[in-house]
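Let's walk through this model together, one question at a time. Each answer works its way to the value or name asked for.

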Amino acid sequence: MKRKLIIILGAIFVLLMTVALIIHIMHDNESGRRVAIGGITVSALPMLLLFLKNNPFNIPIIIGYYVFLFCATFLGATLHFYVTFKWWDMALHFYAGLFAGFIGIALYKLFIPPEVRKDVSRWILFLFVLSLGTFANALWEIYEFAGDQTVTRTMQKGGNTDTMGDLLFGIAGGLLAAIYTSSQKQKV
């Protein structure tokens, strides 16, 4: 089921971003073209999971990834939600922190054998999930900074205020995932 879902969602999003690329080419929108090419690339990335014998990510995480892509690349960049809705960027950073935390749970289950999990402290698990959510948002901010220095000049229009707001919302999402994880440790 996961394999089919990855293929179907990957194909849909590659097609969607290809249509966006064609639209940006027709309107001579250089920045939009770059976003669409990036969207095609990140839409196809989960297809690399098809080469793994045991995909560690469950269906909600796979769907969550494509929800994020749709909101960030198509709605945010192509349909200009980042400009239209001032809260859009921070909401996505919150979602990214939360999402990265749940990826942390999947990685925890993959790398920590079940017989060892009972000995892992709630606080270690809490810090791991929070740290992953925070790290993911820090990487995103580095990506935005690098993109503004080399390609678009539009990702950090608010400067330091934008960056700090994004980081705070990302940490809040990671914190929520960490609280959930530590409260549900026996089920994780």
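Q: In which helix does Trp123 lie, and is Trp123 buried or exposed?
A: This is a predicted model, in which local features need pLDDT of at least 70 and side-chain atom pairs count only at pLDDT 80 or more, while totals for chains, interfaces and linings use all residues. Residues are numbered from 1 along each chain as its sequence is written, and side-chain values use heavy atoms, leaving out hydrogens and water. Trp123 belongs to helix 7 (residues 122-150); helices are DSSP runs of H or I with at least four residues, strands are runs of E with at least two, and both are numbered from the N terminus. Buried means under 20% relative accessible area, exposed over 50% and partly exposed in between, with a 1.4 Å probe and protein chains only, and Trp123, at 62%, is exposed.

Q: How are helix 3 and helix 5 oriented to each other?
A: The axes of helix 3 (residues 59-78) and helix 5 (residues 88-111) come within 11 Å and cross at roughly 160 degrees. Axes here are lines fitted to C-alpha atoms, for helices over the stretch in contact, and angles run from 0 to 180 degrees between N-to-C directions. Angles under 35 degrees count as roughly parallel, over 145 as roughly antiparallel, 65 to 115 as roughly perpendicular and the rest as oblique. Helix 3 and helix 5 are therefore roughly antiparallel.

Q: How many charged residues does the contact of helix 3 with helix 5 have?
A: Contact means heavy atoms within 4.5 Å, and the residues that meet include Phe68 and Leu75 in helix 3 and Leu92 and Phe99 in helix 5. Ala, Val, Leu, Ile, Met, Phe, Trp, Tyr, Cys and Pro count as nonpolar, Asp, Glu, Lys and Arg as charged, and the others, Gly among them, as polar. The contact has 15 nonpolar and two polar residues, and the number of charged ones is none: no charged residues.

Q: How is helix 2 oriented to helix 3?
A: Helix 2 (residues 30-44) packs on helix 3 at an angle of about 175 degrees, with the axes 10 Å apart. Among the residues in this contact are Val35 and Gly39 of helix 2 and Tyr66 and Leu69 of helix 3. The angle makes helix 2 and helix 3 roughly antiparallel.

Q: What kind of aromatic pair do Tyr65 and Tyr66 form?
A: Rings of Phe, Tyr and Trp (its six-membered ring) pair if their centres lie within 6.5 Å; planes under 30 degrees apart count as stacked, over 60 as edge-to-face and the rest as tilted. By this rule there are 13 aromatic pairs. The ring centres of Tyr65 and Tyr66 are 5.4 Å apart and the planes stand at 80 degrees, so this pair is edge-to-face.

Q: What kind of aromatic pair do Tyr95 and Phe99 form?
A: Tyr95 and Phe99 are four residues apart in helix 5, so about one helical turn separates them. Tyr95 is partly exposed at 26%, whereas Phe99 is buried at 15%. With 6.0 Å from centre to centre and 5 degrees between the planes, the pair is stacked.
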